[in-house]
Amino acid sequence: LRDISVLTRMDEAASMIDMERVDISVLVGNIINEVSLELDEKHITVINSLKKSIQVKGNYSLLYSIFRNLMDNAIAYAGSNIQININCFREDENFYYFSFADTGIGVSPEHLNRLFERFYRVDKGRSRKLGGTGLGLAIVKNAVIIHGGNISAKNNQGGGLEFVFTLAKEKYYRADRDSGFQFQFVKWQCDRFFVLQCHFLAVEQDKQVNITVATRFVPCLQTI
């Protein structure tokens, strides 16, 4: 009975998320404008190849956190005098397929499978100096999962790091909202340790995008 009660409350928490139609093209354009000073300081050029009206029905804050954390990660760690390429290279009936790549220094192969772990840092000393918490890419992964997708990272042959991920379209949401999608959605929200730690560490580091994401979900967790 206790397990059934917990599951019921988990379903209730999932329903608290605000879902809306989000234009990914506009969202990414806004992020590029927001970080323009940082890009100029490090001589980073962004090639935004997203076509107009790439729309997903999802949570705006979480979708924003995907692209903003990837952008912040590239600015902080990829190096200077590089290029960032953002592209939706494929779409099918259910998904958009995105690539977020830079031409920077990349990461050692042994780190690739651990990039999305909570609190994991490739270079601990450098991350502390730059104010990183090791939560940004973990948030990205979970936000992608919530939106019915998956994400992976790889080093490009020409240099740099590339993130490839999918986001489900509205039609996919409607078909799967009461099954696998909702299960993944609830599982992420109910991970109290991650979200609460994310909230407090983000406040400490004053990274607004992660403060917004963490704060949004803490009330949901308090009902579980």
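**Exercise 1.** In this predicted model, Lys-154 forms a salt bridge with Glu-162, and their closest N and O atoms are 3.7 Å apart. Decide for Lys-154 and for Glu-162: buried or partly exposed?

*Solution.*
Step 1. Recall the cut-offs: buried means under 20% relative accessible area, and exposed means over 50%.
Step 2. Lys-154 has 42% relative accessibility, so Lys-154 is partly exposed.
Step 3. Glu-162 has 13%, so Glu-162 is buried.

**Exercise 2.** Find which residues join Glu-34 in a network of salt bridges. Then locate the pair Arg-68 and Glu-34.

*Solution.*
Step 1. Shared partners link Glu-34, Arg-68 and Asp-72 into one network.
Step 2. Take the Arg-68 and Glu-34 bridge, with an N to O distance of 3.0 Å.
Step 3. Arg-68 sits in helix H4 (residues 60-77) and Glu-34 in helix H2 (residues 24-34), 34 residues apart.
Step 4. Check the cover. Arg-68 is buried at 15%, whereas Glu-34 is partly exposed at 42%.

**Exercise 3.** Work out which parts of the chain the salt bridge between Lys-51 and Glu-91 connects.

*Solution.*
Step 1. The closest N and O atoms of Lys-51 and Glu-91 are 2.5 Å apart.
Step 2. Lys-51 lies in the loop between strands S2 (45-48) and S3 (55-58), and Glu-91 lies in strand S4 (residues 83-91), so the bridge ties together parts 40 residues apart in sequence.
Step 3. Lys-51 is partly exposed at 45%. Glu-91 is partly exposed at 35%.

**Exercise 4.** State how many residues of helix H7 (residues 136-146) are buried.

*Solution.*
Step 1. Nine of the eleven residues in H7 are buried.
Step 2. Among them are Leu-137, Ile-139 and Val-140.
Step 3. Look just past H7: Gly-148 has a positive phi of about 75°.

Methods. Residues numbered from 1 in each chain as written. Predicted model: local features only at pLDDT ≥ 70, side-chain atom pairs only at ≥ 80, totals over all residues. Heavy atoms only, no water. Buried < 20%, exposed > 50% of the residue type's maximum accessible area, 1.4 Å probe, protein only. Helix = DSSP H or I, 4+ residues; strand = E, 2+ residues; numbered from the N terminus. Salt bridge = Lys/Arg side-chain N within 4 Å of Asp/Glu carboxyl O.
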